[in-house]
Amino acid sequence: MIRRILKHTGADKIMWGFVAFMLLTALVIWVCEPEINTYREALWYCFTVVSTIGFGDVVVHTSISRSLSVVLSLYAVVTLAIFTGVIVNYYMQLVELRQQESFAAIMDKLERLPELSRQELEQLSDQIRKRL
């Protein structure tokens with residue numbers, strides 16, 4: 001569902017840009033850091049930076065790696081904020097749309113009030129009480 005929301009809103013491009021930047025950052029860190037022996041370790045380090053966990057089991061020492069870590073962490077914070085906003089906004093619009101549809105159905109019944117049976121009138125009364 002989240003993938004569908006991101007695709008529908010265009011935020012999937014932000015996500016893929018972020019993933020590409022993280023993969024590229026891991027590659028540069030792997031090349032620049034003498035203590036990081038595998039690309040997998042560099043990806044692990046980038047994950048800990050992005051998630052703000054920072055276990056400390058992998059540490060960078062060069063200024064380029066540290067600078068990239070700062071940029072990656074800021075990029076992650078902004079990207080996660082955008083994703084949160086997109087998902088919450090999408091959900092709120094969905095709730096509002098459902099309320100409008102429900103309101104329209106109630107209004108339709110109110111316009112046909114004389115035609116409604118006793119049971120339909122009771123259901124309509126219950127619906128209105130729930131809304132108020």
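**Exercise 1. Which residues in H3 meet which residues in H4?** Then describe the packing of H3 and helix H4.

Solution. The model is predicted.

Step 1: list the contact. From H3 come Tyr45, Cys46, Val49 and Val50; they meet Ser69, Leu72, Ser73 and Ala76 in H4.

Step 2: sort the residues by type. Six are nonpolar, two are polar and none is charged.

Step 3: take the geometry. Two packed helices are described by the angle between their axes and the distance between the axes. H4 covers residues 63-111, and H3 packs with H4 at about 50 degrees. The axes lie 8 Å apart.

Step 4: classify the angle. Angles under 35 degrees count as roughly parallel, and 65 to 115 as roughly perpendicular. The angle here is about 50 degrees. H3 and H4 are therefore oblique to each other.

Step 5: H3 and H4 cross in a right-handed sense.

**Exercise 2. At what angle do helix H2 and helix H3 pack, and which residues make the contact?**

Solution. 

Step 1: locate the helices. H2 spans residues 12-32, and H3 spans residues 39-50.

Step 2: read the geometry. The angle is about 125 degrees, with 8 Å between the axes.

Step 3: classify. Angles over 145 degrees count as roughly antiparallel, and 65 to 115 as roughly perpendicular. The H2 and H3 angle is about 125 degrees, so H2 and H3 are oblique to each other.

Step 4: The crossing of H2 past H3 is right-handed.

Step 5: list the contact. H2 supplies Phe18, Met22, Leu23, Thr25, Ala26, Leu27, Ile29 and Trp30. H3 supplies Tyr39, Ala42, Leu43, Tyr45, Cys46, Phe47 and Val50.

Step 6: sort by type. The contact of H2 with H3 holds 14 nonpolar residues, one polar and no charged.

**Exercise 3. How many salt bridges does a search of the whole structure find?** Describe three of them, with the exposure of each partner.

Solution. 

Step 1: count. The search finds four salt bridges.

Step 2: take Glu115 and Arg112. Their side chains meet at 4.0 Å, N to O. Glu115 is exposed at 60%, while Arg112 is partly exposed at 31%. A network of salt bridges links Asp108, Arg112 and Glu115.

Step 3: take Glu122 and Arg118. Their bridge is 3.8 Å, N to O. Both lie in helix H5 (residues 118-131), four residues apart, so about one helical turn separates them. Glu122 is partly exposed at 44%; Arg118 is exposed at 65%.

Step 4: take Arg129 and Asp126. Their bridge is 3.3 Å, N to O. Both are in H5, three residues apart, about one turn of the helix. Arg129 is exposed at 58%, and Asp126 is partly exposed at 40%.

Definitions and conventions: Residues numbered from 1 in each chain as written. Predicted model: local features only at pLDDT ≥ 70, side-chain atom pairs only at ≥ 80, totals over all residues. Heavy atoms only, no water. Axes fitted to C-alpha atoms, helices over the stretch in contact; angles between N-to-C directions. Helix = DSSP H or I, 4+ residues; strand = E, 2+ residues; numbered from the N terminus. Left-handed = near helix turned anticlockwise from the far one by under 90°. Contact = heavy atoms within 4.5 Å. Nonpolar A, V, L, I, M, F, W, Y, C, P; charged D, E, K, R; others polar. Buried < 20%, exposed > 50% of the residue type's maximum accessible area, 1.4 Å probe, protein only.
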